[in-house]
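Here are a few friendly notes to read alongside the model. I have kept to the interface first and the fold of one chain after that.

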Amino acid sequence: MSGSVLFDAPGPRTVARHRVYTVLTIAGAVAILAFALWRLYDTGQLTYEKWEVFLTPAYIEVILVDGLLKTLQMAFFAIIFAIVFGLVFGIGKISEHGWVRWPCWLVVEFFRAVPVLLLMIFVWVLLSLGDGPLSPFWCVVIALTLYNGSVLAEVFRAGIHAVPAGQVEAAYALGMRKTQVMVNVQLPQAVKIMLPAIISQMVVALKDTSLGYVITAPGLTYVGEQIYGEFKNQVPTAIVIASIYIVVNIILTVIATKVQHRLVGEKSPLEITGVGNLDGGRNA
Amino acid sequence: MEAVFSNFDEYLKAFGVTLGLFVVSGLASLVLGTILAVFRVGPVAVMQKVAAVYVTIFRNTPLLMIFIFMAVAMPKLGYNFLWVEDLEVAGYNLSAFFVRSCIALTLYTSAFVCEAFRSGVNAVPLGQAEAARSVGLTFMQSMREVVLPQALRAVVPPLTSVQVALLKNTSVAAAFGMAEATATMRAFTNNDTDQRTGIFLAFAIGYIVLVEVVTLSSYVLERRWKVA
């Protein structure tokens, strides 16, 4: 058994058929790649001038410092603030007092259902335009904090619920108070369960920083736009910038998987339903 | 909010464009995502790899970058989709922007649709298929009667998340010349700076209503398909 519910172990005829599919798929993939390369060549996108920027040390530095570093900074601040936000509102949502629970619920639901870009533009119009006190950089951070924070609030809530009930009962039996139970027993264990979800939320935040381009915030996408605006090499720039995003995100995902294996064992990651950006929503 | 009420037809039109983007790319991504999912859960190793590469690439690229590919880079390769402006669909001319936005959204969302389907198929316990075989059902029968109905049911919640994300992601088209809800909000706030909070709330509520409609219809579907 291969472990899939869909198929039996293949017999000789099926194996032969699969071989045909394999060849067809490879041929198809190679054809698509070849066509793409030919289009690139045919429209003059593979000339040295178009790629020269990415081999020039000064520009590589610009891409890494003004682009990647700013992007990582925005994502970093956003995720740190989002964890705080998520912690506050996630615990608020499971409070026993209605007057705490309902406002928290409203805030979390609101920011989860509103597109991040809409939020970002609003924060920008409110705080950055005219003589607004904040730079676009911080507007991006605020918008991402509110959105990712409300997603993380759900993660925290689910994580705390995932701690076995016996733990809480045992803590009460020892005479701990509610706050002590939360701080000393539930949270430390919940964090362990939640870490992979938090890291994959970082991928989401990182991808969403590119939306800052719309409100003139710095970052990889913005640098990319500057470069193709100057050198008219739209295609190579898009390829290079997208590749950087992909590599960074894959690294984050690998870390998430490692952390999960180490801390949670082989168990499946925490399932959060109704989170817009699957895997992150993994999206945005 | 007054600025919104006095231009209510514009508000509705903006959400009409948002809905148009959502419906077209939603359906297209279901088709493409299903094909990818078939590749991914199928028995042929190379097909699995190809689909996995697609999913990895598109899941880790910001949607905005995919939009830049479609709207800025593709015309340089000779694909500007201007020909669609000559087509007429039910009395409307499609704009090239609309087509580009739909392609970008579809490419991106398909990766997530594929993953949603995969998790649904994996949710069917292995024993179900074995039981089906042991009572003598053929492959097609066990597929039709046992495996697929259960997979379909398990797929509804993750698929809803994906479609809700898509609905919110249509806002990115605002950066590339679509006059959908987010772009319209920006135009409104430019005209009436003093009412920006009200305008924001009005548009936020519009999105929330749409998101709730999608979520509620998935609940209905989930309950109808529920086994006793």
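1. Together, chain A and chain B bury about 5400 Å², buried area being the accessible area (1.4 Å probe) that two parts lose on being put together, summed over both. Carbon and sulfur atoms account for 74% of that area. Please keep in mind that this is a predicted model, where local features need pLDDT of at least 70, side-chain atom pairs count only at pLDDT 80 or more, and totals for chains, interfaces and linings use all residues. Side-chain values use heavy atoms, without hydrogens and water, residues are numbered from 1 along each chain as its sequence is written, and chains are lettered from A in the order in which they are written.

2. On the side of chain A that touches chain B, 37 residues are nonpolar, 17 polar and six charged; here Ala, Val, Leu, Ile, Met, Phe, Trp, Tyr, Cys and Pro count as nonpolar, Asp, Glu, Lys and Arg as charged, and the others, Gly among them, as polar. Zero salt bridges are found across this interface (a side-chain nitrogen of Lys or Arg within 4 Å of a carboxyl oxygen of Asp or Glu).

3. Chain A has ten helices and zero strands, with helices (H or I, at least four residues) and strands (E, at least two) taken as DSSP runs, numbered from the N terminus. The radius of gyration of chain A, taken over C-alpha atoms, is 24 Å. That is well over the 19 Å given for 284 residues by the globule rule (2.2 Å times the number of residues to the power 0.38), so chain A is more spread out than a compact globule. Its C-alpha trace spans about 75 × 70 × 30 Å along the principal axes.
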